[in-house]
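Please read it with the coordinates open.

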Amino acid sequence: MKILKFGGSSMATPQRIRSVANIVLKHLEEDSTIVIFSAFGGVTNDLLHMAELAAKEDEGYKEILEKNEKRHIDAVRDLIPIQLQSSILSKVKTVFNRLETLYEGVFLLNELSNKTKHVIAGFGEILCSIIVAEYFKSLKVQSSYLDSRELIVCKNNNEKVQVSYDITYKNIQNYFAGESSGLFITPGFVAKNDQGVPSTLGRGGSDFTAAIFAGALDVEELLIYTDVNGMYTANPGIVPQAYPLRNISYEEAMELSHFGAKVLYPPTLQPLVEKQIKIIIKNTFDPEDEGTLISRSSEENFRWVTGITHIDNIRILNMEGSGMVGIPGFSKRFFEVLYLENINVVFITQASSEHSICVAVKEDEALMAKEALDEAFAIEIGYKKIKPVEVEENVAIVALVGDAMKSHHGLSGKMFSALGNNNINIRAIAQGSSERNISAVIAKKDIKKALNTLHEQFFEVPSKELNLYITGVGNVGSKLILQLKKQEKYLLEKLRLKVRVLGLSNSRKMIFNEEGIDLDNWKTLLDNGQTSDRKEFFETVNNFNLRNSIFVDNTASAEIASWYKHYLSNSVSVVTCNKIACSDDFVKYLELQDQAREYGASFLYETNVGAGLPIIDTLKNLVASGDTITKIQAVLSGSLNFVFNTYNGTEPFFKVVEMAMAEGYTEPDPRIDLSGVDVARKILILSRESGSAMELKDIENESFLSEESLDASGNEEFFKLLKGEEARFKEIYNSAEKDGKRLKYVAQLENGSAKVGLQAVGSTHPFFELRGSDNIVLFFTSRYPEQPLIVKGAGAGADVTASGIFADIIRIGKK
């Protein structure tokens, strides 16, 4: 005898029912077959929703009832030849008439009892089964409709179901003692209680029905058909990288289903484990796939961790107080109260100090549990020996499951470390003595991040997913996107980094895609995006709540820099070439550093000084290793270096500045570079990284520009003024050339003071041969007192700046 069960998604449409029939017929060729059916997809939810509407005297239930009746009648007309429809249409209409009467009663009484709810909930399976039974008859298949309510007997205590196995098994065995060949079709989920009143086996109970038949008839295996290829390492709807498990043990399946794996209804395993009946979970839409085999544990399916799952419809109850410490029987009283209220506890943890007890219960039972506990412990609460029970909402349980976890050291450490590194706070922890399950209570909003983090940690080829949100897609930003696209394969294969861009914005538009933006088409997508809004951009990043999130700022905007603190305080790392934040007030600079440390985020700004050169990183390493910075001399403006390396007194100075703008060496407003403010900010950042609490106003700026040109209303007026000052620029150049020197814009930090300005340097100075837009930094330290540590190279340009930002992103990925 074969036993098959098909879920609601498999029966959602007539076309799917035809596919199911083909699967059944193949099995029927091998042996007699019992098939248990769920309701058409979504029908049970509708039935219960209608009952709730009727209880509220909302006549909206009638419209839903009509839609469901039409759906079932349409299915009959689609599946069954017209000459055979009369009988089954009459049966379907009779069932809906019965439903209509029940809803009218609920509506008039304004009351929905558990008994009525159980009766109503089971009609979906009955309707589906009688239609499918008639369909098989129309195919001339020898088949029998078997009403499982006549065989399965249960006891109902509110929502809890207990099957009377002795009676039920005897009923099933007696029935099949005389009827054992052909096809038997029966509804899942439904039963009768010991008073003969129709009832159900609980939501998801069609699996349970199939398991009861399998246990009663002692078959070799039970096949459960659903809409996925078995049980997965995690919920594939939340973790796209999850994959099917080919073999798992009964115990692992029990843990996974208890903690929310919806492929299998938790009580299903009860009738099967004792008799060692195998369960195979298969996909109706991919019937050739092998699916998941659930059987007793063996070395064939050995692995440290089998799956990750979660429950999100829970609340935490916490009782604490000094009056609990050392009092025998306190825990007994606590759990006895919950037992008497028929409240199931899904998670337990108690402090070793006996000062508190923490449990998790279903959301809809939390208030009842609190009231019962507060009443039972009213005397202790009145004397302030203990506090009233606290109920914590918006929480969830995430669980790591595996038979072999007890044999492997450090799994819990890896689990908690992975969660902590992504700023996922753990509220409570529980682990059974079997060590088959490690559970943690976290915020519900962190579920997606937690499941993906743990799956990456335990199931994937060692790799790390980085999720980027990029603001500023001009020269630097567009080059960065190009580099990311070009290096995508290399990063994954060589560095095990999967880098995705999920958000892009400029000053006008912004776009998001949680699955990743197409970098081949990003410009068109952004042009058609929504209006750019800094607050909304941040809120979207925060709502995505993905692990390893990085905000990348390629602008020079003070407004955007003001948002760094919000990103960091929500554990989103920040990578920026924008110098404004790090050159702002020292208190604000420290605040960003502190937030990065406190919330486990990275704040990297290597490109603030020297574009892609490792200047800040070198300085940090010197300080971290205990070296003392005594002096820094530097040419830190690629723009100014290009200008003064190019200007030779023949080509007008303003033309050279225009050339620098065209090459992308200056900001759109070149005064930012030529005024020396940009260089002052850079030496300020280096002074702070070396340990000085300096402010921008403390830096002496010897500008070579006139006050009039600095105060120009815009670029047009600025260049006009530069043109008029050509004689002065020639004089400065000729004076240096006459002495065999070259003009360099130098920043210097020494003895706690800093200055920036134009200097003429001789041929023996390291700055003399500096060409093009190169930068150079001389670090004089306790270890390098005479011959400085020199960092030199290209210090301006979109490509090198983008590569520096890229390097910071990789640094975060390699943490």
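Predicted model: local features only at pLDDT ≥ 70, side-chain atom pairs only at ≥ 80, totals over all residues.

The points below go from the whole chain to single residues.

1. Local features are reported at pLDDT of at least 70. Side-chain atom pairs count only at pLDDT 80 or more.

2. **Overall dimensions.** The radius of gyration of the protein chain is 36 Å, whereas a compact globule of 815 residues would have one near 28 Å. The C-alpha trace spans about 120 × 70 × 55 Å along its principal axes.

3. **Composition and cover.** The protein chain holds 31 helices and 31 strands. Of its 815 residues, 53% count as buried. The accessible surface is about 36300 Å², and carbon and sulfur atoms account for 47% of that surface.

4. **Contact range.** Take the contacts between residues at least 6 apart in sequence. Of these, 72% join residues at least 24 apart.

5. **The seven-stranded sheet.** What is the strand order in the open sheet of seven strands? The order is β22-β21-β20-β19-β23-β24-β25, and the pairing is mixed. At the edges are β22 (530-531) and β25 (603-604), each of which pairs on one side only. Strands of a sheet pair through backbone hydrogen bonds, in either a parallel or an antiparallel sense.

6. Strands β23 (residues 549-553) and β24 (residues 573-576) are parallel and share four bridges. Here V552 is opposite V575 of β24.

7. Buried or partly exposed: which class does E488 fall in? E488 is partly exposed because its relative accessibility is 43%. K485 is also partly exposed, at 32%.

8. **A buried salt bridge.** The D678 and K579 side chains form a salt bridge with an N to O distance of 3.1 Å. D678 is in helix α27 (residues 677-689), while K579 is in the loop between β24 and α22 (586-598), so the pair ties together parts 99 residues apart in sequence. D678 has 5% relative accessibility and therefore counts as buried. K579 has a relative accessible area of 12%, so it is buried too.

9. D678 and K682 are both buried.

10. **Salt bridges elsewhere.** A search of the whole structure gives 36 salt bridges. Side chains of opposite charge can pair when their charged atoms come close.

11. **T453 and its surroundings.** T453 is in helix α15 (residues 447-458). With a relative accessible area of 4%, T453 is buried. Which residues does T453 contact, leaving aside neighbours within four places in sequence? They are A418, L419, N422 and R547.

12. **Strand β26.** Strand β26 (residues 629-635) is mostly covered, with six of its seven residues buried. Six bridges join β26 to β30 (residues 774-781), and these two strands run antiparallel. V635 is opposite I776 in β30. Four bridges join β26 to β28 (residues 742-750), again antiparallel. On that side, Q633 is opposite Q748 in β28. In a regular strand, side chains alternate between the two faces of the sheet.

13. **Helix α24.** How many of the nine residues of helix α24 (residues 638-646) are buried? Seven are, so α24 is mostly covered. The buried residues are G638, S639, L640, N641, F642, V643 and F644.

Notes
Residues numbered from 1 in each chain as written. Heavy atoms only, no water. Pairing = 2+ DSSP bridges. Salt bridge = Lys/Arg side-chain N within 4 Å of Asp/Glu carboxyl O. Buried < 20%, exposed > 50% of the residue type's maximum accessible area, 1.4 Å probe, protein only. Rg over C-alpha atoms; globule rule 2.2 N^0.38 Å. Contact = heavy atoms within 4.5 Å. Areas by Shrake-Rupley, 256 points an atom, 1.4 Å probe, with all protein chains shown as cover.
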